[in-house]
Amino acid sequence: MLKGRALKFGDSISTDHIIPGRYAHLRSNPSELAKHVLEDADPTFAAKVKPGDFVVAGNNFGLGSSREHAALVIKMAGVSAVLAKSVARIFFRNAINSGLPILICDTAKINDGDELEIDLTAGTVRDITNGKELEFNKIPAVMLAILNCGGLIPYIKKYGSFKLE
Amino acid sequence: MGKTLAEKILSQKSQSEAKSGSIVIARVDLAFVQDTTGPLTVKQFQNSGFERLANPTRSVLFMDHAAPSPNYGLSNDHKLLRDFGRQSGATVSEVGGGVCHQIVAESLAKPGDVIIGADSHTVTAGALSAFATGMGSTDVAIALALGETWLRVPESIKIVLSGNFPDGVYGKDLILYLIGQIGADGATYKALEFGGSGVDNMSMSARLTIANMVVEAGAKAGLFASDKITREYLASQGRSNEYQPISSDDDASYEKTINIDMAKLEPMVAKPHTVDNTAPVTEVRGTKINQVVIGTCTNGRLDDLAIAANILRGKKRHPQTRLIIAPASRQVILESIQAGYIQTLIEAEAVILPPGCGPCLGLHQGVLGSGEVCLSTSNRNFRGRMGSPKAFIYLASPATAAASALTGEITDPREVI
Ligand code: SF4
């Protein structure tokens with residue numbers, strides 16, 4: 001069960017909004033890099049995000065480059081899951097590989113600042129502030145197994161290769 | 001039931017019946033990283049506990065995004081990649097070689113391959129009938145170690161092209177038009193398969209431009225069947241023996257079909273700040289621009305530089321508009337020198353960059369300042385992409401870019417050719 005506050009964003013938040021190429025020189029220094037998380041979408045985000053918060057976005061979250069740092073900096077900021085109406089595919093894979101849950105649901109029903117409670121196994125999001133309950137799309141089995149291991153590296157260490165069953 | 005191109009390639013490489021929606025484990029023919037994603041791949045490879053690459057000769061580390069390095073942080077990243085190359089036996093594509101996707105097209109990709117790159121524009125090699133897709137650093141680290149990866153077999157959308165490009169209209173205009181029609185998430189998780197009579201005479205360079213940008217509609221792959229043009233291209237690169245016929249079956253099933261009559265297209269732009277914010281160039285004509293960029297993995301090939309040189313020959317760029325040329329590879333710059341294009345462009349007062357990504361991602365070599373407007377032949381115009389988040393980026397073809405460099409404002413290339 002995950003519990004935290006919703007921090008809302010609009011549609012089409014790209015990897016350039018999340019962590020622009022101009023900070024590429026900081027990529028080997030993740031804690032410095034994380035100070036710029038989502039800077040071009042909301043310059044106040046890094047200052048206000050607290051461990052356990054959720055990023056709640058509209059359509060096509062994470063579109064753009066393959067930079068995995070986009071998923072990593074969100075995780076490093078303490079965000080415990082990303083909720084969006086839809087997610088770009090490379091970002092989706094990167095987030096799961098980094099152990100950051102991504103939930104596809106109708107985020108229009110959630111307001112900025114709402115308290116949320118998420119049950120990953122039941123597939124439900126409860127908005128405590130407005131009382132609404134949402135369901136999210138099933139995560140493919142191979143992705144769920146990776147997520148359950150905490151990311152792709154621990155998964156491969158455990159299983160040695162990809163297992164489809 | 002017949003197979004789409006994606007299903008065909010992934011069936012071959014997974015030794016299974018790869019149907020849309022199923023998940024397969026596919027053999028990887030080529031895995032690569034570039035200098036901004038590669039350092040994390042190296043770290044994750046080391047974390048994974050593997051010691052050897054599955055296929056060292058088909059593992060490539062490209063120095064292209066910041067090449068030569070503009071600061072010591074990035075120099076350290078380059079150093080790390082070179083060291084890893086030396087230890088692991090992976091190929092290092094050094095500074096000056098060019099953009100990964102162009103080199104993959106010139107010398108590595110072949111029909112039927114599965115190609116995984118830690119760069120979203122890996123889709124470019126779909127022009128050569130390879131199932132090529134971008135992934136993150138960790139996925140590529142594991143693909144380097146195992147020589148395989150898991151893939152969800154995408155549903156396909158068929159794009160049926162007919163007719164021929166009118167004068168002044170190119171592959172770039174077609175793909176901008178298509179992205180404008182279906183939107184930046186119009187093909188998320190899907191493959192776009194290009195076919196129809198309009199493809200028959202389409203140059204490899206136009207196909208590469210189109211495949212390059214399918215990811216801007218969210219697509220996982222952009223695929224062309226292999227044909228005479230593919231065979232001729234491989235032959236011109238001294239790779240005749242790598243040709244293999246591969247195409248979809250007539251009774252394959254597609255999620256939908258989109259028909260485009262190429263004869264009806266016109267020069268297009270993508271306006272700030274999203275790639276699907278497209279319009280005919282006539283709509284934004286007259287917009288003043290501070291910088292024009294011609295090049296990158298989208299439009300930095302010989303044909304593109306030829307178009308620009310033909311428009312700029314004997315003329316000079318507008319005094320208030322900087323003109324930057326970023327050839328996609330060493331081969332491109334060498335051939336452009338031999339053809340005289342580089343001289344023509346320098347006489348037109350262009351700056352010629354070394355082969356590589358150039359100013360495309362705002363790292364160096366033409367970073368935009370606040371309030372500046374750029375017209376670029378690259379593939380992304382997101383806020384902050386090329387420097388200041390307060391800059392404005394328009395995307396267009398090399399013809400539109402060259403015509404606009406002459407006048408200092410966005411110009412319809414049909415007015416100057
Ligand atoms: S030229 Fe631009 S889009 Fe192409 S690989 Fe380089 S940074 Fe990416």
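Predicted model: local features only at pLDDT ≥ 70, side-chain atom pairs only at ≥ 80, totals over all residues.

Student: Which residues are around the ligand?

Tutor: They are B:His65, B:Val99, B:His101, B:Asp119, B:His121, B:Thr296, B:Cys297, B:Cys357, B:Cys360, B:Leu361, B:Asn379 and B:Arg385. Being near here takes a heavy atom within 4 Å of the molecule.

Student: How does that shell split by class?

Tutor: There are 5 nonpolar, 5 polar and 2 charged residues. Ala, Val, Leu, Ile, Met, Phe, Trp, Tyr, Cys and Pro count as nonpolar, Asp, Glu, Lys and Arg as charged, and the others, Gly among them, as polar.

Student: Which domains does the shell draw on?

Tutor: Domain 1 (5-262) and domain 2 (270-412) of chain B each give at least three residues. Those bounds come from an automatic or database domain assignment.

Student: And what is the space taken by the ligand?

Tutor: That space is the largest cavity. A cavity is a set of points, on a 1 Å grid over the protein atoms alone, where a 1.4 Å probe fits but cannot get out.

Student: Switching to sheets. What's the strand order in the open sheet of chain B?

Tutor: The order is E4-E3-E2-E5-E6, 5 strands with parallel pairing. Strands are DSSP runs of E with at least two residues, helices are runs of H or I with at least four, and both are numbered from the N terminus; pairing takes at least two DSSP bridges. Strand E4 (91-93) and strand E6 (131-134) of chain B are the edges, each pairing on one side only. From one strand to the next, the twist averages 20 degrees, using axes fitted to C-alpha atoms.

Student: How many bridges join E2 and E3 there?

Tutor: Strand E2 (residues 30-34) and strand E3 (residues 59-62) of chain B share 4 bridges in the parallel sense. Within that pair, B:Phe32 is opposite B:Val60.

Student: What about the open sheet in chain A?

Tutor: That one has 7 strands, ordered E4-E3-E2-E1-E5-E6-E7, with mixed pairing. Strand E4 (102-104) and strand E7 (133-135) of chain A have a single partner strand each, so one side of each lacks a neighbour in the sheet. Neighbouring strands are turned by 30 degrees on average, direction ignored.

Student: Which way do E5 and E6 of chain A pair?

Tutor: Antiparallel, over 4 bridges, between residues 115-119 and residues 124-127 of chain A. A:Asp119 is bridged to A:Thr124, and A:Glu117 to A:Arg126. The two strands make a hairpin with 4 residues between them, and A:Gly123 in the turn has a positive phi of about 75 degrees.

Student: And how many bridges between E6(A) and E7(A)?

Tutor: 3, again antiparallel. A:Thr124 also stands opposite A:Glu135 in E7(A). In that hairpin, with 5 residues between the strands, A:Gly131 has a positive phi near 80 degrees.

Note on methods:
Residues numbered from 1 in each chain as written. Chains lettered and ligands numbered in written order. Heavy atoms only, no water. 1 Å grid on protein atoms, 1.4 Å probe; cavity = no way out; pocket = protein on both sides within 12 Å on 5 of 7 lines; lining within 4 Å. Sits in = over half its atoms within 2 Å of the grid points. Axes fitted to C-alpha atoms, helices over the stretch in contact; angles between N-to-C directions.
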